[in-house]
Amino acid sequence: MHLGRRALLATGAAAGAVTALPTLSRAQAANTIRIGVMTDMSGMYRDNTGPTSVACTRMAAQEFGNRGFAVEVIEADHQNRPDVGANLARQWYDQGIDLIIDVPTSSVGLAVNQVAREKNKPYINVGSATADLTGAQCGPSTVHWAYDTWMLARSNGGATVKAGGDTWFFITADYAFGHALERDTMNFVRQAGGRILGSVRTPFPGTTDFSSFLLQAQSSRAKVIGLANAGADTQTCVKQAAEFGLTRRGIKLASLLLFINDVHGLGLQTAQGLTCTETFYWDLNDRSRAFARRVIQRTPTNYPNMIHAGCYSGTLHFLKAIADMGVPAAKASGLDLVNRMKAMPTDDEAFGPGSIRPDGRRICPSFLFEVKKPEESRGPWDYLKLVQETPAAEAFRPVGEGGCALIRA
Amino acid sequence: MDDLFGIPAPLLFGQLLLGLINGAFYAMLSLGLAVIFGLLNIVNMAHGAQFMMGAFAAWMLLNWLGIGYWAALLLAPIIVGITGIILEKAFISRLYKLDHLYGLLLTFGLALIIEGVFRNEFGSSGLPYRIPAELSGAWDLGFMFMPVYRGWVVIAALILCLATWLIIEKTRLGAYLRAATENAALVQAFGVNVPRMVTLTYGFGVALAAVGGVLAAPIYSVNPQMGSNLIIVVFAVVVIGGMGSILGSILTGFALGIVEGLTKVFWPEASATVIFVIMAIVLLARPAGLFGRA
């Protein structure tokens, strides 16, 4: 019996280790569109992306229905590591995956971008923030869907300086995302007449305590601390700033990237008064509420944010383009498929109408929100109130200014 | 304003104090690891997960049963300690005769499973846990705002470390423990129930991690990866202090907290790495660690 049990364990372990795709017959494969959701299933960005991104992609595929071809959605965890992401992307494209979507964590997002460009395969990045995806590192088959660092910086940075926060100190996550967000926000602060008094780069991942950095920010005597980080890092900074009395001394925190899921984790008591910029909020209008209701049925403990909505919206648009040009033509050239996506206007319940520019940037309006006070909140996840809307044409970096080679050509 | 090494003095004092606070967590966690390694010869990779369980236990007690911080400080370690005892009985006790590596792999696997279960159940965003009313607020020290709660963490950690050290070095129970480390068979021959002592020691080490978790809950967000972020550093602390050395791990914990705090001022990007650089140097110069016996 002893041997039998061991054998069983070994078989189980082996089965768990194999990540091969289910094999389809040749006829089936030719008529099946396969979408790979590469996301953070186990790290600090799991709630901001993760299983809810997968659920939204599946929902889009199901709602699209069968229009002459089947859609299959698979998922994988990139563990926030660029090497894992790039290897997986290569493997997926080689195995006939037609689209890679989501890919949060800018360092991984850029690594997968390299592979997509090399293979000329469709890649819709939703989860990464770096504006370099449609700037210096833009690719012909890449579309950047929901938001980027330039758009965050414009909305939040500009508004903060206008409100009197003219001296800044940055606490920046030390990787591609933090660097891009810091750079873009600094530009806007300087343009608006503000001054940068200093910045500190914090190791990512693995920084558990930000009090030292907050203290450095405080001693710089800046009026605003710009948090060029995300997820748990931002949450810890906000909590500890309150703990060390920074906010009581009148220092303002500019949470440059804050998701509703982070607000949920912080609680309104701690998060109230913070500002954030989004392209989607579930309670924005009737269409967004209808969309969110369907998502919540799938993920009852986690409301959708702009990344989740972007996975839905991007998948839907991708499938529409395939229906438009036919499966054989779409499979024959990833580049033609993405060009078709760029030529068609986007429209769905989550975002409303929008479009994709030649540099791969999808544009739509952006919204500046303020986190509600606990007494203002009327129901579960009723967390944000609208402060300001930026129209689609102004929300993102002008097409000629990013240094994208596709534009100069 | 007076400058020291080009850094304003108030900022430097503040960083020293913060380093001490983080050092308190390192000391508490590495102490538990040292106790477990000293007696069981098990490198307890699940220590970070058990630290996280302590924080979650406090959160569950509060939100599900309405039991507040002070009671949780006692109850959470007992609950998590019991789960540790079950793990020891069911799995770890089978590995004592094998190489260290097996215990390391087993506890590492357990840690991954425990963290995965919590992640599935609670997500990764973290759960809020409020600082108890008696310990909220802050002292204005002039050079910085010192939250009362952080001061409490340092004091609690010092008391805990000192008490553990006294029990192990100065009491009869501690003498049995130390004797069993040297020669288990001989101690058993004197009528001491060594297997039970080993089980309880593991439970105690795990409970120490859980106390750390409860203390950490109001400072950090309660989330499934809070332990794995800390545990690698804590292992480095144990290695630098000397595997199994109680006093070594306490002193090294506090000292490295301070070193790390200072690095955050002088070279922030290196603050996550500095402890490992020190570890490499110590291993080259003194392979048994600063306080270990070769």
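## Core, interface and chain architecture of a predicted model

In this predicted model, the largest nonpolar core holds 214 residues, of which A:I100, B:M28 and B:A210 touch the most other members. A nonpolar core is a set of buried Ala, Val, Leu, Ile, Met, Phe, Trp, Tyr and Cys residues joined through C-beta atoms within 7 Å. A residue is buried if 20 or more other C-beta atoms lie within 10 Å of its own, exposed if 12 or fewer, and partly exposed in between, with C-beta atoms placed from the backbone. The most is given to this core by helix α1 (residues 9–40) of chain B, with 20 residues. Helices (H or I, at least four residues) and strands (E, at least two) are DSSP runs, numbered from the N terminus. From chain A, domain 1 (26–147 + 286–363) and domain 2 (150–278 + 366–395) each supply at least three residues to the core; the domain bounds come from an automatic or database domain assignment.

Residues are numbered from 1 along each chain as its sequence is written, and chains are lettered from A and ligands numbered from 1 in the order in which they are written. Local features need pLDDT of at least 70, side-chain atom pairs count only at pLDDT 80 or more, and totals for chains, interfaces and linings use all residues.

Leaving aside residues up to four places away in sequence, B:M28 touches B:A157, B:L160, B:C161, B:L208, B:V211 and B:G212. Two residues are in contact if their C-beta atoms, placed from the backbone, lie within 7 Å. B:A157, B:L160 and B:C161 are among the buried residues of α5(B). That helix (residues 148–170) has 23 residues and reaches 32 Å from its first C-alpha to its last, close to the 33 Å expected at 1.5 Å a residue, the expected span being 1.5 Å times one less than the number of residues. The buried residues of α5(B) pack against α1, β4 (145–147), α6 (172–182), α8 (194–216) and α10 (246–266) of chain B.

The contact between the chains takes 36 residues from chain A and 31 residues from chain B. On the chain A side, α8(A) gives the most, with six residues.

| Class on the side of chain A that touches chain B | Residues |
|---|---|
| Nonpolar (Ala, Val, Leu, Ile, Met, Phe, Trp, Tyr, Cys, Pro) | eight residues |
| Polar (the others, Gly among them) | 20 residues |

Chain A comprises 17 helices and 14 strands. Buried residues make up 56% of its 409 residues.
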